[in-house]
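Here is a friendly walk through one model, from single residues up to sheets and cores. Please have the viewer open as you read.

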Amino acid sequence: MTHILAIDQGTTSSRAIIFDGEMKIKSSAQEEFPQHFPDSGWVEHDPGDLWSTTAGTCRAAIEKAGVGPDDIAAIGITNQRETVVVWDRATGQPVHNAIVWQDRRTADYCRELRDAGHDKMITAKTGLLADPYFSGTKLKWILDHVEGARERAKDGDLLFGTVDCFLIWKLTGGAAHVTDATNAARTLLYDIHKGRWSTSICELFDIPQEMLPDVKDCAADFGTTRPDLFGRPIPILGVAGDQQAATIGQACFDPGMLKSTYGTGCFALLNTGETAVTSNNRLLTTIAYQFDGKPTYALEGSIFVAGAVVQWLRDGLKIIREAAETQPLAEKADPNQNVVLVPAFVGLGAPYWNAECRGAVFGLTRNSGPEEYAKAALESVGYQTRDLLEAMRADWQGKGAGATLRVDGGMSASDWAMQFLSDIIGAPVDRPEVLETTALGAAWLAGQRAGLYPDKHGFAQSWALEQQFTPQMDDEDRDAKYAAWKRAVDATMSF
């Protein structure tokens with residue numbers, strides 16, 4: 001048994017990757033599934049699609065790798081966080097579509113929580129904000145709006161889970177109703193300091209605790225798969241939410257280490273060790289990972305629009321045909337123009353958390369064209385990342401200042417964007433050889449639990465650098481450009 005099966009269940013597709021004994025990718029399979037938008041700001045998935053695409057890609061990846069079930073030592077799972085599924089304990093039938101992390105239907109209830117002053121208690125226990133982004137208010141909505149759901153939940157007939165939990169339940173044939181600490185920490189229901197579900201928050205939301213899963217370490221025994229799925233029972237030994245899995249995959253195991261993942265949006269995590277740092281800048285305090293019952297904490301900041309700004313250049317302005325064209329355009333931009341793009345297409349995330357403002361462009365001249373727009377788009381990601389890092393350093397009393405930032409995700413492939421990122425944050429940016437860090441993190445969790453992969457120290461030593469970007473911009477230019485960005489953000493929010 002020299003291989004690991006990593007399941008990466010995302011927002012728009014499910015993937016399965018087979019890693020060999022050297023933690024190298026041997027095969028992969030991916031399948032997209034439909035998104036459902038039943039009302040303005042509502043986003044749902046059919047839980048059946050989440051399961052069928054997961055099971056299908058697992059079988060396809062195993063077949064493509066040319067391995068048999070006896071070659072697979074364990075399964076690791078990483079998943080879209082905060083998405084909610086509620087299903088019948090006896091039949092496995094969901095009572096409603098999955099409500100996705102992007103869904104905003106509980107905004108009014110979250111406003112009521114803040115107006116009533118409950119947000120302070122919620123943040124103190126969970127490290128999160130009273131925001132529709134998280135799972136708890138979505139679960140409450142299902143119990144409030146599906147006929148008989150709350151009564152069935154109180155009777156023990158309904159189960160709640162994030163996507164990892166639902167997949168484990170399906171994989172094990174209903175034998176295991178479990179999650180890990182990183183996913184539990186994103187529900188708005190879990191006390192990250194005491195390591196248990198919060199009775200006071202569950203009572204506030206009127207959520208029966210009977211429907212909540214058991215919470216385990218990230219590397220633990222989560223159950224074994226049904227024999228008929230893959231030809232023999234395979235143990236599930238690792239689970240982490242996607243951004244935490246990327247943090248693990250980047251081997252950010254020491255306090256002060258930073259990673260930033262650039263996909264549609266951007267998520268930056270700063271390892272703060274055993275200390276759960278309370279943010280004064282509207283960052284999130286969360287669990288980075290948990291081993292042997294001991295959580296390691298992180299500060300997390302979310303940027304809503306990162307790679308999506310390049311998609312806007314392609315699909316909205318139609319000035320590029322594919323993302324790769326952005327870099328050569330940016331390289332040709334007029335250096336004497338200082339065009340600043342604030343990509344607040346759906347509001348601004350951390351540290352602003354302004355849902356009402358919308359995007360704006362500043363500094364246009366008669367000569368501004370596609371080149372300047374491309375440059376401003378790539379620069380906007382660097383500016384937003386610096387916003388997060390400035391907030392993190394302020395929250396953690398300056399610790400981590402100048403620390404190397406490890407990057408991954410699609411946009412990290414752009415040398416130009418990563419060089420500007422290094423320039424504007426004034427620190428090195430490291431891009432690893434393996435950009436599939438999310439799946440790698442899940443695979444390592446399962447593999448080291450199975451005895452196939454090295455421990456934390458050994459894994460950290462195996463992390464390999466593909467390219468490091470170091471600051472080339474002088475302090476005066478860096479400060480002037482960032483000051484212009486801050487003025488642009490202030491103007492955007494005031495408009």
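In which loop is Glu 82 found? Glu 82 sits in the loop between β5 and β6 (85-88). The model is a predicted one, in which local features need pLDDT of at least 70 and side-chain atom pairs count only at pLDDT 80 or more, while totals for chains, interfaces and linings use all residues. Residues are numbered from 1 along each chain as its sequence is written, and side-chain values use heavy atoms, with hydrogens and water left out. Helices (H or I, at least four residues) and strands (E, at least two) are DSSP runs, numbered from the N terminus.

**Backbone details**

Most residues other than glycine have a negative phi, and most peptide bonds are trans.

| Residue | Phi |
|---|---|
| Glu 82 | near 70° |
| Asp 292 | about 55° |
| Met 23 | about 65° |
| Lys 318 | near 60° |

Is Glu 82 buried or exposed? Glu 82 is buried, with a relative accessible area of 2%; buried means under 20% relative accessible area, exposed over 50%, and partly exposed in between (1.4 Å probe, protein chains only). Asp 292, in the loop between β16 and β17, counts as exposed because its relative accessibility is 71%. Met 23 belongs to the turn of a hairpin that β2 and β3 form with five residues between them, and Lys 318 follows α11. There is also a cis peptide bond, from Ala 350 to Pro 351, with omega near -5°. Pro 351 is placed in the loop between β18 and β19 (360-362).

Strands of a sheet pair through backbone hydrogen bonds, either parallel or antiparallel. Here two strands pair if DSSP finds at least two bridges between them.

β1 (residues 3-9) and β2 (residues 13-19) run antiparallel and are joined by six bridges, with Ala 6 opposite Ile 17 in β2. β2 and β3 are antiparallel over seven bridges, and Ser 14 has Glu 31 in β3 as its bridge partner.

**A helix pair**

The axes of helix α1 (residues 47-65) and helix α6 (residues 163-171) come within 11 Å and cross at roughly 60°. In this pair, Pro 47, Leu 50, Trp 51 and Thr 54 of α1 meet Val 163, Phe 166, Leu 167, Lys 170 and Leu 171 of α6, where contact means heavy atoms within 4.5 Å.

**The seven-strand sheet**

Another open sheet has seven strands in the order β16-β17-β15-β14-β20-β21-β22, with mixed pairing. β16 and β22 (465-469) are its edges, each with a single partner strand, so one side of each has no neighbour in the sheet. Direction ignored, neighbouring strands of this sheet are turned by 30° against each other on average. β21 (residues 429-432) runs antiparallel to β22, joined by four bridges, and Arg 431 stands opposite Gln 467 in β22. α13 packs on the sheet, touching β14 (258-262), β15, β17 (294-303) and β20 (405-408).

In the loop between β15 (266-273) and β16 (284-291) lies Val 277, which counts as buried at 7% relative accessibility. Not counting residues up to four places away in sequence, Val 277 touches Thr 272, Thr 285, Leu 299, Asp 395 and Trp 396.

**Cores**

A nonpolar core is a set of buried Ala, Val, Leu, Ile, Met, Phe, Trp, Tyr and Cys residues joined through side-chain atoms within 4.5 Å. The largest has 98 residues, and those with the most contacts inside it are Leu 139, Phe 205, Met 211, Leu 212 and Tyr 262. Its largest share, 10 residues, comes from helix α13 (residues 370-395). A second, separate core of 37 residues includes Leu 5, Ile 7, Val 163 and Phe 222.

Notes. Axes are lines fitted to C-alpha atoms, for helices over the stretch in contact, and angles run from 0 to 180 degrees between N-to-C directions.
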